[in-house]
Amino acid sequence: MQCVSTRGAGPVSLAQALAQGLAPDGGLYVFPLDARPNVTLGTTLADTATTLLAPLFHGEPLDAGALCQAAFTFDAPLLPIDEDSFLLELFHGPTAAFKDFGARFLAEALARLSLPPTTILVATSGDTGAAVAAAFHRRFGFRVVVLYPDGRVSARQAHQLGAFGDNVRTFRVNGSFDDCQRLVKAAFADQALVAKHGLSSANSISLGRLLPQMAYYAHAALVMQQRGAAPVDVIVPTGNLGNALACLMAKRLGLPIGHVFLATNANRVLPEFLQTGRAEPRASVATLANAMDVGVPSNLERLTHWWPAPTALRRDVSADWVDDETIRRTIGTVWRATRTAICPHTACGVAVRDRLRAKGHRGPLVIAATAHPAKFETIVEPLIGEPIELPEGLAALLKKPAIARPLEPTSAALEAALG
Ligand SMILES: *Cc1c(COP(=O)(O)O)cnc(C)c1O
């Protein structure tokens, strides 16, 4: 499949786009989103993913089926929380957040492309870094350098980020996530630095993460269709617009997905963009849903490429934002009603469901549950008054010692850290 940059460069093959991450002109790789009616519900998520992705990998040096079987070794089950809402649990991977799907798929793809020695440079607001580190940990020919904003991730996230060792090096940056993202972008713009370290990106700008994220929406939408609920409306908690864009892409590829509701925290660039058509870049503010503390959503450039007309965009997508007080209240009310603990990001999605219902929305809603609540236990446990059991993978990581070196938010400091 041919990919081009949102800023015009290309075309390149999908394999090349996966290997490069960001396009050389600074744009994001995109491809034609033509409806493909032949996606069928498989027995497993990996099977559905294969029928979805195989046509895109036609003629490429990568076997979509092999990638899907290797990457999707855990499920994305639908958990009903009342008769008409379902949590799409995306946190059953090794680092307990949805990022595992994209990171594992990308790692499988890059490992099969026999690249020269590669440094995966990744900025993280909390969960991406761990998922990418886990996916590339001890993979021959790869090293991972993780940048996270010091003091802006949960204690367990920080521990997890520093706990890999071996070919993973973790830096806590004296700044915000936007600073981390800016450093990574500047590094990729420096061709000499890119060549010296074989730099490659694993941020949500990589198609290698977006493509596999379509798979769980496809699977869930087909399951809901089988139950007679098609097309189903979906709510996605969002920051950088990676997970939500994947849902929209799946819709455009013909999956039975209805309207997509974006749920942000107090960083409300996306709701404002959908209202006014303008995205005012802002410094990010710290919230309880820290993995969505994004001032400038990097995938916005893809959204406006694929949905150039505001009317068409608004037909498919809406957005609303949720403050910290509502996040807290929602975690409490969901717990009392269902005995289900949800993470603060997922709570943004459930809060948006509550508002939609109050405004008269009818019919089933699928809400992406983006992380396991145990990753945010200092927020969630006091609200539900009970300890949350740790998932196995997370428990194993938290038992290991963790090391993160400090880093000033300058390109010179990053260059020195890369060695
Ligand atoms: C990354 C993340 C998000 C936001 O996803 P985007 O793709 O950046 O929109 C939401 N929730 C959790 C738990 C995350 O880790």
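A charge is said to sit over a ring if NZ of Lys or CZ of Arg is within 6 Å of the ring centre and within 35 degrees of the ring normal. In this predicted model, arginine 252 is placed in that way over the face of tryptophan 307, at 4.6 Å from the ring centre. The points below begin with such arrangements of rings, continue with the surroundings of the ligand, and end with some individual residues and peptide bonds.

**Charges over rings**

- Besides the arrangement of arginine 252 and tryptophan 307, there is one in which arginine 268 lies over the face of tryptophan 321, with 4.4 Å to the ring centre.

**Aromatic pairs**

- The structure contains eight aromatic pairs, and one of them is formed by phenylalanine 57 and phenylalanine 105, whose ring centres are 6.1 Å apart and whose planes make an angle of 65 degrees.
- This pair is classed as edge-to-face, because its angle of 65 degrees belongs to the range over 60 degrees that carries this name.
- The two partners come from distant parts of the chain, since phenylalanine 57 is in the loop between α2 (45-53) and α3 (64-71), while phenylalanine 105 is in helix α4 (residues 99-112), 48 residues apart.
- Phenylalanine 57 has a relative accessible area of 4% and is therefore buried, a word used here for values under 20%, and phenylalanine 105 is also buried, with a relative accessibility of 0%.
- Another pair joins phenylalanine 74 to phenylalanine 101 with 4.8 Å from centre to centre, and here the planes are 50 degrees apart, so that the pair counts as tilted.

**Surroundings of the ligand**

- The ligand is surrounded by 14 residues, of which the closest are Lys99, Asp127, Gly239, Asn240 and Thr370.
- On the backbone side, an oxygen atom of the ligand is 2.8 Å from a polar backbone atom of glycine 239, and an oxygen atom of the ligand is 3.0 Å from a polar backbone atom of glycine 242.
- A side chain takes part as well, for a nitrogen atom of the ligand is 2.8 Å from an N or O atom in the side chain of threonine 370.
- Taken alone, the ligand would expose 380 Å², and the protein buries 98% of that area.

**Serine 125**

- Serine 125 is found in the loop between β6 (118-123) and α5 (128-136), where it is buried with a relative accessible area of 9%.
- The side chain of serine 125 reaches the backbone oxygen of alanine 291 at 3.1 Å.
- When neighbours within four places in sequence are left aside, serine 125 is in contact with Val153, Phe177, Asn290 and Ala291.

**Cis peptide bonds**

- Glycine 10 and proline 11 are joined by a cis peptide bond with an omega of about 5 degrees, and proline 11 belongs to the loop between β1 (2-5) and β2 (12-13).
- The peptide bond from alanine 230 to proline 231 is cis too, with omega near -5 degrees, and proline 231 is in the loop between α9 (207-226) and β10 (232-237).

**Positive phi values**

- Serine 114 is not a glycine, and yet its phi is positive, at about 35 degrees; serine 114 lies in the loop between α4 and β6 and is exposed, with a relative accessible area of 68%.
- Leucine 241 also has a positive phi, near 70 degrees, and is found in the loop between β10 and α10 (242-252), but leucine 241 is buried, at 1% relative accessibility.

**Lysine 400**

- Lysine 400 is placed in the loop between α17 (392-399) and β14 (405-407), and its relative accessible area of 30% makes it partly exposed.
- Not counting residues up to four places away in sequence, lysine 400 touches His137, His159, Ala163 and Phe164.
- From the C-alpha atom of lysine 400 to that of proline 256 the separation is 43 Å, and these two residues are 144 residues apart along the chain.

Terms used. Residues numbered from 1 in each chain as written. Predicted model: local features only at pLDDT ≥ 70, side-chain atom pairs only at ≥ 80, totals over all residues. Heavy atoms only, no water. Phe/Tyr/Trp six-rings, centres within 6.5 Å; stacked < 30°, edge-to-face > 60°. Helix = DSSP H or I, 4+ residues; strand = E, 2+ residues; numbered from the N terminus. Buried < 20%, exposed > 50% of the residue type's maximum accessible area, 1.4 Å probe, protein only. Near = heavy atom within 4 Å. Polar contact = N/O pair within 3.5 Å; in protein donor to acceptor, adjacent residues only side chain to side chain. Areas by Shrake-Rupley, 256 points an atom, 1.4 Å probe, with all protein chains shown as cover. Contact = heavy atoms within 4.5 Å.
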